[in-house]
Amino acid sequence: MGQKKNENLGNARNEKLIRAKFFQYLLPGILMTAALQIGNIVDTMMVGNLLGPDAMSAVKIGMAVDNIMEIPGYVLGVGGSVAAGICLGKRDRERANRIFSGTLTVSLLCGLLFSFSSLAAPSLAGLLTGGGTLVDDVRKFVFVTLLAAPVISIALQLMSYLAVDNHPALASAYVITANILNLGMDYILLRYTPLGTAGAALSTAFGYGVAMLLFLIYIRSPKRMLAFVFPVRQLADTVRTAAAAGLPTLFFMVFLTVKDLGLNSLILRVIGNDAMAVYTVCSNVVLTVELFAGGIVGTVSTIGSVLYGQKDYFALRSLVKQVLLLSFAVVFALMAFLWVQPAVVIGMFGVKEPGLMGMAVDAMRLFICSLPFYQWNKFCTVYYQSTEKTALSGLVTSLQNGIVVLPLAYAFVLYAGAEGLDMIRALMLAFVASEAVAMLLAILYRKVRYRGQDFLLLETREAPAVEFSVDCDISRIAGVTEEIIRFGQAYDVPKAKANLVAVAAEEMLVNSIRYGGRRVDTIDLSVRVDGGLLVLQMMDNGIPFDPTDYATDGDGYEIHGIEMVKRMSQRVQYMRVLDLNYTVIEVQYR
């Protein structure tokens, strides 16, 4: 049974609290993603304007090594934060701590191994460029990138965990600070030193390393749920859990690297250096989409994983609706701007020569037609990863970033070359076709594999439940007791047990309204019958308040009702998740 109309309270559950939570996490998520993408885009602009198009192309080629180096930290960071978020949603803090500790340990070790591999930079540069004119610039960039691997690995881990662990604003502050430092050092090193492309890599390491001082705020925060435990117990099991959750991210990183290597080789060997500059500019358009829309979709990973762990499907559906509406509005607005003013964006990357500009404008207008398909595929990857559908998530990202795009790119370009057609236009059309084909193949797989289910693939809640939202007005909660008792009677729960839960609900609501501070405006409460248990769950966005911490009435908190429940209930648990107070009371009734 789903949500039920509550005549006494005057309302069933509404979207007010989850909508407020979405917007609380949205701005930090957008700022964090924007800072990451602006850093990447402006990095490329600075290299193009201060060192020239060849150096810009060299950095783009060297990013293939950077992608490989980031795989352990990125995969375990994203996968670990999703797995830890689900554990926090299930109120399993001990396992969440093990995942947090194990992934940090393994990522640091992998970073040290990559750092030692920097000695192989000359060989890697030769392999990536085929010994062409860009080899020296690629070598310098790759050497410093690998040397800085431990710093980047730890940064990727903590960025992901902070957002899940009640600190989205601090996560965005870290990324913003790191990129401000990065860009400042970029300008100094590229303009005033002979370091060349090595300066671009060094400035990134400097920014992310110095900004780690902000993590001291997280370490000392009373809202922090995750803690590093040493020695790390069950290391293999916890890392395997994080890796399984991060499998789509691994597929993304691997296929992205393969795609970059394959496309770089195709463009340099078949089309030429000018085409490489055009492709670099167009690929940065995707970073621009991530800048504006990536932070919106990212809320699915941070908020959605916890809601899924709680099995709060009402809130999860509400979140998905808001994410899709807002992210696609942003994408279509961006497409309109790029169609009307492509030269403005292209010129920002140092492309000035009229012939190259004309080629890039034509390519840009074709390329942006891929963006709606790209955004849908991106959403599906993140959503299915956050709801433990890792096989489907991995399939979508694999189709999008390698399985489809490389064969189509080679087929389109080689056919155009053989027929004397414009190969750059053919390449852009291949990008549009590949995103659309990836979307259609993923939809087909989902319909066959999960026959009869909608695209969210949420299990049908079998446990009878009543859900409602209560405005923060004590006079509005008078009907809570009657509502819960009536619900219990409908499912043969003894009246004494239903009374117990009803008293607990009323006491918790009263205390949240009185002591939650100005932040509290709506409280979400649900009661369900589940395997002989009557389960009460309550969420509010007030100041941290744990009723289980108090043994007796006092300290200004009137909690005698909850004290009685603590003595008679099967379990009482409190967590601070998504910067919300989340309390669960379970009463055995048979």
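1. Lys-223 is partly exposed in this predicted model, with a relative accessible area of 23%, and its salt bridge with Asp-579 has its closest N and O atoms 3.3 Å apart. Because Lys-223 lies in the loop between α9 (215–219) and α10 (235–245), while Asp-579 lies in the loop between β4 and β5 (580–588), the pair ties together parts that are 356 residues apart in sequence.

2. Asp-579 counts as buried, at 5% relative accessibility, and its side chain also meets that of Arg-576 in a salt bridge (3.0 Å, N to O); Arg-576 is likewise buried.

3. Among the 13 salt bridges of the structure is that of Lys-321 with Glu-15, where the closest N and O atoms are 3.1 Å apart. Lys-321 belongs to helix α13 (residues 313–340) and Glu-15 to the segment before α1 (16–50), so this pair joins parts 306 residues apart in sequence. Glu-15, Lys-321 and Arg-19 are linked in a network of salt bridges.

4. An open sheet of five strands, with antiparallel pairing, has the order β1-β2-β3-β5-β4. Since β1 (465–471) and β4 (571–577) stand at the edges with a single partner strand each, one side of each is left without a neighbour in the sheet. Within the sheet, eight bridges join β2 (residues 522–530) to β3 (residues 533–540), and Ser-526 stands opposite Gln-537 in β3.

5. The largest nonpolar core has 140 residues, and Phe-379, Tyr-383 and Leu-427 have the most contacts inside it; helix α12 (residues 273–310) gives the most to this core, with 17 residues. Apart from it lies another core, of 27 residues, including Val-493 and Val-527.

Technical notes
Residues are numbered from 1 along each chain as its sequence is written. This is a predicted model: local features need pLDDT of at least 70, side-chain atom pairs count only at pLDDT 80 or more; totals for chains, interfaces and linings use all residues. Side-chain values use heavy atoms; hydrogens and water are left out. A nonpolar core is a set of buried Ala, Val, Leu, Ile, Met, Phe, Trp, Tyr and Cys residues joined through side-chain atoms within 4.5 Å. Buried means under 20% relative accessible area, exposed over 50%, partly exposed in between (1.4 Å probe, protein chains only). Helices (H or I, at least four residues) and strands (E, at least two) are DSSP runs, numbered from the N terminus. Two strands pair if DSSP finds at least two bridges between them. A salt bridge is a side-chain nitrogen of Lys or Arg within 4 Å of a carboxyl oxygen of Asp or Glu.
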